[in-house]
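Thanks for coming, everyone. I'll take a few minutes on one structure. Please have a look at it first.

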Amino acid sequence: MNLYQQRSSNVRRTWLLITGFLVVVTCVGYLISAYYDDPFITIIAFAMALGTNVYAYWSSDKLVLSLNHARPATREEFFDFYTVTENLAITAGLPKPKLYVIDDPAPNAFATGRDEKHAVVCATTGLLSMMSRSELEGVIAHELSHIQNRDMLLMTVAVVLAGFVAMAANLFLRMSYWGGRSRDDSDGNALVMVLAIVGIILAPIAAKLIQLAISRRREFLADASGALLTRYPEGLASALRKISSYAAPMRHANLATAHLFIGDPFGGSKRGGSAAWIEKMFSTHPPVEERISALLSLHA
């Protein structure tokens, strides 16, 4: 699959994710309404899912920036950030994205926005102070590649949708504890209740696993695309080493947005033994060693 096909695929996957989310939430709402004998719950579930989709498309970037306490970056204060981004955006044929910073010593960065014309690149002050110019170019090229590959809409929408599923699951579980006015105590009605509870419990887990899988797959592609943009993969490889070696988590690290960052915002803790494969499954990022090896192999 070439780059253009990958971009088209990402757009299709975004709409598939949005449509699938609408269908799943509505179906769960239907099961709940069947148990409580109240069809209005289905209508509420559909309306909430539709509203969440609209918000996820138009305003998820603002939510992401707010959750991470980001502020606009000025050219005067962050001159290198501006010039590196401007130069690479011209090289990539992209409009210059809006630039934001997070006041945090942990080195990290992410891109968000619904398309190339409404894109945002955000970096921590720690990253901007720690990186050499070639390393900063590698990081910015990685984030611009997310924009060019149209990854950010899919990954940013996943923030809102996964969060909503978890919130709705918690709400419906509480409703099940309160009890309801079911029509009778038949086996069929009990089965509906069991299916509803199972769906409520599994839905946020499935949403989170999809969110993580989306992130891990896209990071390798953005690494490679960013290296092609700068034609210096060693710069990004060196930046990844610095990011992963910083063990302390970000001050406002958030599970909902962790997959957007170039590095794990919760720090570089590693486990060994039997727990390693579990950690890898639920990790928001592929192992740094694998990413660096893939980058360096580009010049092999």
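One definition before the helices. When I quote an angle, the axes are lines fitted to C-alpha atoms, for helices over the stretch in contact, and the angle is taken between N-to-C directions, from 0 to 180 degrees. And keep in mind that this is a predicted model.

Start with helix α3, residues 79-92, and helix α5, residues 133-148. Their axes come within 9 Å and cross at roughly 50°. Angles under 35 degrees count as roughly parallel and 65 to 115 as roughly perpendicular. So α3 and α5 are oblique to each other. The crossing of α3 and α5 is right-handed.

Who makes the contact? From α3, we have Asp-80, Phe-81, Thr-83, Val-84, Thr-85, Asn-87, Leu-88, Ala-89 and Ala-92. From α5, we have Arg-133, Leu-136, Glu-137, Ile-140, Ala-141, Leu-144 and Gln-148. Sorted by class, the contact of α3 with α5 has 9 nonpolar residues, 4 polar and 3 charged.

Stay on α5. On the α5 side, the contact uses Ser-134, Glu-135, Gly-138, Val-139 and His-142. On the α8 side, it uses Gly-235, Leu-236, Ser-238, Ala-239 and Lys-242. The contact of α5 with α8 divides into 3 nonpolar, 5 polar and 2 charged residues.

Now the sheet. In what order do the strands of the open sheet run? There are 4 strands, in the order β1-β2-β4-β3, and the pairing is mixed. β1, residues 70-72, and β3 stand at the edges. Each has a single partner strand, so one side of each is left without a neighbour in the sheet. From one strand to the next, the twist averages 30°.

Take β4, residues 120-124. With β2, residues 98-102, β4 runs parallel, and 5 bridges join the two. Leu-99 stands opposite Val-121 of β4, and Ile-102 stands opposite Thr-124. With β3, residues 109-112, β4 runs antiparallel, through 4 bridges. Here Phe-110 faces Cys-122 of β4, and Thr-112 has Val-120 as its bridge partner.

Is β4 enclosed or open? 5 of its 5 residues are buried, so β4 is largely enclosed by the rest of the structure. In a regular strand, side chains alternate between the two faces of the sheet. In β4, Val-120, Cys-122 and Thr-124 point one way, Val-121 and Ala-123 point the other way, and all are buried.

β3 is an edge strand, yet both of its faces are covered. Ala-109 and Ala-111 are buried on one side, Phe-110 and Thr-112 on the other.

Which helices lie on the sheet? Helix α2, residues 40-67, lies across β1, β2, β3 and β4, running at about 155° to β3. α5 packs on the sheet too, touching β3 and β4, and its direction makes about 20° with that of β3.

Definitions and conventions
Residues numbered from 1 in each chain as written. Predicted model: local features only at pLDDT ≥ 70, side-chain atom pairs only at ≥ 80, totals over all residues. Heavy atoms only, no water. Parallel < 35°, antiparallel > 145°, perpendicular 65-115°, else oblique. Left-handed = near helix turned anticlockwise from the far one by under 90°. Contact = heavy atoms within 4.5 Å. Nonpolar A, V, L, I, M, F, W, Y, C, P; charged D, E, K, R; others polar. Buried < 20%, exposed > 50% of the residue type's maximum accessible area, 1.4 Å probe, protein only. Pairing = 2+ DSSP bridges.
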